[in-house]
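Notebook open, viewer running. Here is what I looked up today, in the order I did it.

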Amino acid sequence: MHVRTLTGGLAAACLVSLSLSLTGGQAVAAAPQAVNAPLAARVLTYDAAGSAEFRSAVDRGAAIWNESVDAVELRPAAAGQRANIRVLADNGWPRALPTTLGNGTVYIGRQAVDQGYNTIRISAHELGHILGLPDRKPGPCSSLMSGSTAGTACTNPYPNTAEKTEVEGNFGGGLAGRAPAARAGVIVD
């Protein structure tokens with residue numbers, strides 16, 4: 001313990017000496033760190049190369065989340081970059097397979113689209129599962145996570161206030177250091 005204190009003090013003295021020599025011998029006050037400074041958004045990348053005809057709906061669903069929350073940002077993966085989220089189109093029902101918070105696979109199923117469900121709402125809803133949100137069924141159209149129970153007439157792709165708050169909490173917005181347990185498994189809507 002004593003050695004650490006002595007070493008730490010010596011390191012601090014060297015740092016001050018180096019700082020003084022770099023500034024011409026003048027002491028320069030460092031800007032105070034803001035105690036409540038917002039944390040940088042956690043960037044999650046997505047690969048929508050396999051989303052076929054739903055590519056623009058996936059990009060719009062990601063943009064809606066980016067407009068709605070500050071603690072996380074969804075970005076398309078660069079070429080050759082491993083993505084956190086893989087988005088695929090298939091002939092089944094839409095579903096998400098989260099592995100850990102912010103990671104997993106989303107399927108934009110043509111079955112729901114063929115039945116008249118809105119593709120942007122489907123995309124935003126399934127991305128919501130990857131961001132840690134469960135289904136909230138039955139639910140009104142104002143709840144993005146109500147999914148198919150809102151009916152085909154519902155085209156609202158935006159999360160409500162409670163859903164936004166939950167995602168902010170999941171990714172540390174206002175609750176730094178608290179991470180929810182990952183919901184692994186298939187979430188079929």
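Which residues are exposed on the other side of H2? I found Ser56 and Glu67 there; exposed means over 50% relative accessible area, buried under 20%, and partly exposed in between (1.4 Å probe, protein chains only).

Before going on, I noted that this is a predicted model, where local features need pLDDT of at least 70, side-chain atom pairs count only at pLDDT 80 or more, and totals for chains, interfaces and linings use all residues. Residues are numbered from 1 along each chain as its sequence is written, and side-chain values use heavy atoms, with hydrogens and water left out.

**Helix H2.** I looked up the buried residues of H2 and got Ala57, Val58, Gly61, Ala62, Ile64, Trp65 and Ser68. They sit on the same side of H2, because their arc around the axis is only 150 degrees (taken from the directions from the helix axis to the C-beta atoms).

**Helix H4.** Next I checked His125, which is in H4. His125 counts as buried because its relative accessibility is 3%.

**Strand E5.** I saw that six of the seven residues of E5 are buried. E5 pairs with E3 in parallel over six bridges and runs antiparallel to E4 (residues 95-100), with five bridges; pairing takes at least two DSSP bridges. Two residues lie between E4 and E5 in their hairpin, and Gly102 in the turn has a positive phi of about 90 degrees.

Definitions and conventions
Helices (H or I, at least four residues) and strands (E, at least two) are DSSP runs, numbered from the N terminus.
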